Every structure is written in C-alpha cells, then in structure tokens.
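Here is a friendly note to go with your first look at this structure. Please keep the view open beside it as you read.

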Amino acid sequence: MKRSRLFSGILAAVMSLSLTAVYPSGVHLQAAAVVSISPYSKSLINDGVFEGWGTSLCWWANRIGYSDSLSSQAAEMFFGDSGLRMNIARYNIGGGDDPSHDHITRTDSAMPGYTKYNNGNVTYDWSADASQRNVLLKSIGACKNDLIVEMFSNSPPYYMTKSGCTSGGTDPGKNNLRDDCYDDFADYLAKVCEHYQNTWGVKVQSVEAFNEPYTNFWSAYSAKQEGCHFDIGDSESKMITLLSDALSKYGQSDIAICGTDETSIDTQIDAFNALSQSAKNLISRIDTHTYGGSKRTALRDTALANNKNLWMSEVDGSGTAGTNAGQMGSALWLSERIMTDCKNLDCSAWVLWQAIDKHICAAGYNGKKDSGMPDTSGGFWGLAVADHDNNTIITTKKYYAFGQFSRYIRPGSVILRSADGTMAAYDEKNDQLVIVAMNTSGSNKDINFDLAQFSSIGSSVQAVRTSGSMTNGENWKELAPINTDGSGFTASLIPNSVTTYIIDDVTQAQLSNEIKITSDQVSGSAPWQNSANDCTKTVDGNLSSFFDGVGNGWVMIDLKNEYNLDSIAYAPRSGYEYRCVDASILVSSDGQNWEKVYTVPQAPTTGLNFITQQVTGKKVRYIRYEVPDGAPPAGSENKDSVYCCNIAEIKVYGVQAEDYPVGDINKDGSVNAADIMYLRDFLLGIRQFDDETFLCADLNNDSKVNVLDFCQLRNIFIKMM
C-alpha cells in the first residue's frame, strides 16, 4: 500500500508539472543567450570519461605535515566529502640536496630525499619525508573514491647530478643528470614506488620522471626549489626506457609511466614527438603543464593520434578576471583556466599545482621566514593559506570556485561540448547532468540552456553559487530550485559569479538504430554554381563534405517506409556554422503535410547536433531541412545577404513502424488508458514484460523503463484525446 501511494504521489506531481509553463515570458527568452548541450557531443580524450581533480602535494604537504591537526584539516578540505572532493594527489619523490647546502629560502620547498650518500655508499632512510607522507595517508583516508596517486620527480638526488645540487645545473640549459646515473635514478624512483606500495599500502597509479625538463629554469644554488634539465629526444627517451626496466625489476610493471610534464603546451608537443618509438610505446599518458603555449587542440590531436590519454597535470597563477570583481577576481581567473584547459585539451583530469602556497607563522620554519597572508583582493597562488600560529587553514574565493567544479563534476562523468563560459558533464550511471557557468561581466547574464537533445530531463534544477567576498558573499550557496519545461531551463547569472546547475533524471537515447540512407533517397535545391557539392553530400557519412546550397535552399530525405523516430542529427558545414541559424527541420508521413519540429536557435557546434525530444516516437517517412527565404535579420551573427543552405550531414535514427502506434504497449491497436495501466503495473512490480514489450515500453530509448516513460506515454495519450 505504501508503495502504491508513493507512486501515485510521484505520478500526480509529474502530471501537475507537465501542465505548468515554466519558462519566463517570450521577451525574456529572446534576451537570453542560448547554450545547447548534447549528450552525443563529448570530449575526445579517454572517450570523454573524466578521471578527476587533484593537486600536487609538493610543497605544502612538506610544510604542514609535522602537524596532525593541519594535515587532517587539509585532507578533509581538499579530498573529503565536505570539501573539494579531489581524487588525485601528485606526490613528489624528493631528490634531497647536499646536506651542506642551505640556499633554498622558501620554508616549504626544501624536499628531503630517501637516500644518504657517504663516500660512494648509498643507503635508504625510509623515515625521510614523513611530513608529505603524513598528508598523503590522511588524504587517502579522507577521499571517498580510491585516491589516484601519481609519483613525480623534480630532480635526482644531488650525488647523481653534474652540478652536485638538486636545484639545477651550473648551465641550466644542459642536462644535469650525470650520464652514468640514468639507471641509478630510474632504480631510485622504482624502489620508492615499490616501498610505498608494499610497505605503506599506497596504490601508485603512475610515475613521472620529469618536471618541466626542457627549460633553462633550473640553476644550481637556486633559492626556490629542486629542478633538473633534460633535453628532449634521446635524453628523455633513455630515462623513460630505463624507468620501465627498473619498475619491472621491482615488480611494479602495473604502474603507468607518464611524460613529460613540460611547462608549455607547445613544448610538450615537440617533446613527445622527439621521443624514440620505444619510449612513446612505454608512455600510457601524456602529462602536460599549461603555464605557456597555446596549441591545446594540437596537443589533444597528438595524444589521439598516438592512442594516449592526456592529463593537465599542473598549473596555477596569480591572474584575475571579472569586472571590478575584488576577491572573486582570482576565482574567476581559475574558473576560466579550468574551462579553457578541459574544453580545448579535452584532458581527462585537471590537477592544480599547490592547494596551499602561502603560510603564516611568526617563528618561520627551519630558520626560514614564511610568506604570510596574501592580498586576496588581487591575484595569488594556491587555494588556501595555512595559519600555523592559529592551527587553522584559511579558505579563499579561489577555493570555493574550484569546488564549483570539483564537488559536482565527478570522476566517471563524460565531459560534453558547451559554449564559452560554461562546462558540462553527464553522469549516465546516475542520470545526472552538471553545468558550470560563470559570469565575468558587471551585469546580469541570462542563459537559456537548451537540453532538448537529451531524451528527458528532470522537473527542477538545483543551483549552487559562489560570488562576492569571503565576508559578504556566497560560498557554495544553494539557491532556489529552477523549474524546467522538460527540454531546458533559463537561468540568470549575477555579476562576477560561478554557478553550478545539477539536473537529475536526465536520460539519453541509445542511438544504435541508425537508418541507412543512400543518395537515391535524397533530393534538394541546386548547389551554388551547380557544383558537385550537391544535396547527396548530406548522407555520404563524411563530415568534411557538405551541401553548398544557396538562398531558399532545402534537402529532403525519403526513408521509403514509415519509421518511429528516435532522433534526427544534423552537422553544419565546418566554418560556416552560423548559416544554420533559423533553419528548420520538418517531418511528414505523406510528403504533403509537414510538421515543423525544430528551428535552429543559434550557431550549432561543429559535428553532429541531435534533435531528440521533439521527434521521439513520431511516425514519419519524409524529413526536410530548409532555410528561410530572404536575408538574416540585422544584428544577427549571419552577415550574408541571403540565407544559405550549408549542411554537412543528416542522420536519422529509429525503427520501422509496425501496425500498432507508438505507445501501444499491449498491442491492441490503439493508445488508451489500458496501456497506461499496463505500464503502471510493471512499475509497481505487479506485471513482468518480455523483451519485446520492454522495448515498446522504453519510449525514450534509454534502455530503462521508469516513470519518465510513463510521463511520455501519458503525453501521447493526451495528444490523441
């Protein structure tokens, strides 16, 4: 009885919602920017699957790890469920400088090594680096997912270097690892990985022998940090090959080797291409920093061409963005950087440099002076500040901006293409769509999120926002829910803000049933100058070819039989996406009476764009794509004197129509109340469906039968009344 009442309550709420208009007035919609998001337009690296968010533990964990209290606070704040929910930690295997050296002035960056050198004898000291290890182990405990641990090195131990110093060479533009120590360094890294796995139970996923190797940054006796120059090509290739051998020697072959962590995107391309083929084969993932360079898509394409995964493994900075944004300036800069990297590199993980870069301590540390509290109204490095005097960690707006991404876009989600200023991810397992949107302007920004390419979406949107200052602003503030109309929602972004939108009950059709269309099934208007770029190019399976139609142009497809549609996809001509704006998709069962199902609201993304909700279940034979007559309106993105029918591809998905109509689950020849009762009984567990009936009841083609299919069936029933 309780189950029936619960279902009745859900059904009543859904039916009530579907009869309520939820969008603002038409004037408001016209003023809003339109952002279309498709479940089928996803990031290319790692098949779009996002692996997560993280930070290096170097050097802040070395500084705070003496304190169990600060270490526990940091672990929860960065990796715990109440904090940023990071799931990646990059652990620095320190080289360890000559004990007689005292040139590093920062309190956090003099990293200890695991070996002691005495007149040619090397012994291991596993008590070393206790502070960083303390933070790592506490972070593993705080992370609700299995923490991904990557080991990386800034420099070999000092006695393996040519300069005798771990901060770099006497000539910072030349290799600083001694020619006879490549195998020794590889052995050192592999042995540390083996000890962490077998002694301390730390699962090491990957190891990286380099950190910004092909630079002239690393000079002997530097005041800043460890570093080591490696030339691209033979030097880096040799190191990777010997590291693989050493991992095998210690039974660690399951640890992935990554490379090469160059400081610049453009240098990373050159460095990977210069590797020997054997070294390329040994690398399973390219790790890159994005401090410099601009060739993000070229690096992505390099990774794809070589069948490699790709991480953005380190970046931070003191930049600001926004309009008179104050403390939100650094937060907006970070948000822009995350979006730029994730959307243009297509990287499967995004890792910050240091979560904590500044420290407050009147006494300093090891005879060195701490940096103190930064001016958070401007730009600064890190997300938070460690206050050692008061045993606390101070958060900033940058911390909360990071959380707008990391708390909601979770590992396993698929990153989807979206417009500038937004980032989207779809969690198919949990039927959840997450959209992060930022507004760097000084005025409100309205966005109409078009989600019609999904089979269905939930009735409301949860919104979480960060804005303003730490004292007077919002930090992950939960806003009032926003209603949807089943195909999208409109949101208003306040000035200088980052907002995350979470939509549940989001499903996509499994588009495995593409209808094969041949050139003889296509007709259309004449191409420009009667060229070979005619309407048949829209069904040739090649997104690079296109129909070069002119004003008042059209394409019509005759499917030869009636089909129950799942979706229609169209791809614009690359570089001329704006010419699709205001074009229409029409369907017909007889070729005479046409129904307009979709009008393109704004320039679509390159590649396939899907029309799903508007056509699912429609029984049609003919499909027509056409552009309006005349010229685009003044002020539009299309500056052509007339509308032009430029389109690269049209695809149609569906199954050939049977004698019974869509929604006729019990196959009695009509859609009626009996079908609704039939589906209700299945949802309540009273009735079982065979495979054929299950497919009939899966009206939104998401391979599930649930209340969303019930709602679609009810809508069909209402339309037929």
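1. Let us begin with a pair of helices. Helix 11 and helix 12 run roughly parallel to each other. This is a predicted model, so the values in this note are computed from it. Helix 11 covers residues 328-344 and helix 12 covers residues 397-406; their axes come within 7 Å and cross at roughly 30°. The crossing of helix 11 with helix 12 is right-handed.

2. Which residues of helix 11 and helix 12 meet? From helix 11 come Met 328, Ser 330, Ala 331, Trp 333, Leu 334, Ser 335, Ile 338 and Met 339. Helix 12 supplies Lys 397, Lys 398, Ala 401, Phe 402 and Phe 405. Sorted by class, this contact has nine nonpolar, two polar and two charged residues. As background for reading such lists, an α-helix has 3.6 residues a turn, so residues three or four places apart point the same way.

3. Now turn to a second pair. Helix 8 (residues 265-274) packs with helix 10 (residues 296-305) at an angle of about 25°, and their axes lie 9 Å apart. That angle makes helix 8 roughly parallel to helix 10. Here the crossing is left-handed. On the helix 8 side, Ile 265, Gln 268, Ile 269, Phe 272 and Asn 273 take part, and they meet Arg 296, Ala 298, Leu 299 and Thr 302 of helix 10. The contact of helix 8 with helix 10 divides into five nonpolar, three polar and one charged residues.

4. Helix 13 is worth a visit too. Helix 13 spans residues 673-683, and its buried residues are Asp 675, Ile 676, Leu 679, Asp 681, Phe 682 and Leu 683. At the start of helix 13, Asn 672 places a side-chain oxygen within 3.0 Å of the backbone nitrogen of Ala 674. Just after the helix, Gly 685 has a positive phi of about 80°.

5. Two residues other than glycine also have positive phi. Asn 391, with phi of about 55°, sits in the loop between strand 13 (384-387) and strand 14 (392-395). Asp 431 has phi near 55° and belongs to the loop between strand 16 (422-427) and strand 17 (432-439). Are these residues buried or exposed? Asn 391 counts as partly exposed because its relative accessibility is 36%, whereas Asp 431 is buried, with a relative accessible area of 13%.

6. Please look at two cis peptide bonds as well. One joins Cys 58 to Trp 59, with omega near 10°; Trp 59 is in the loop between strand 2 (52-56) and helix 3 (60-64). Another runs from Gly 259 to Thr 260, with omega near -5°, and Thr 260 is part of strand 8 (residues 256-264).

7. Finally, where does Val 550 lie? Val 550 is in the loop between strand 25 (547-548) and strand 26 (554-572). Its relative accessible area is 30%, so Val 550 is partly exposed. Beyond its neighbours within four places in sequence, Val 550 contacts Ala 526, Trp 528, Val 627, Tyr 643, Cys 644 and Cys 645. Gln 529 is 21 residues away along the chain, and its C-alpha atom is separated from that of Val 550 by 9.2 Å.

How values were computed. Residues are numbered from 1 along each chain as its sequence is written. This is a predicted model: local features need pLDDT of at least 70, side-chain atom pairs count only at pLDDT 80 or more; totals for chains, interfaces and linings use all residues. Side-chain values use heavy atoms; hydrogens and water are left out. Buried means under 20% relative accessible area, exposed over 50%, partly exposed in between (1.4 Å probe, protein chains only). Helices (H or I, at least four residues) and strands (E, at least two) are DSSP runs, numbered from the N terminus. A polar contact is a pair of N or O atoms within 3.5 Å; within protein, one must be able to donate a hydrogen and the other to accept it, and residues adjacent in sequence count only if both atoms are side-chain atoms. Contact means heavy atoms within 4.5 Å. Axes are lines fitted to C-alpha atoms, for helices over the stretch in contact, and angles run from 0 to 180 degrees between N-to-C directions. Angles under 35 degrees count as roughly parallel, over 145 as roughly antiparallel, 65 to 115 as roughly perpendicular and the rest as oblique. A crossing is left-handed if the near helix is turned anticlockwise from the far one by less than a right angle, and right-handed if clockwise. Ala, Val, Leu, Ile, Met, Phe, Trp, Tyr, Cys and Pro count as nonpolar, Asp, Glu, Lys and Arg as charged, and the others, Gly among them, as polar.
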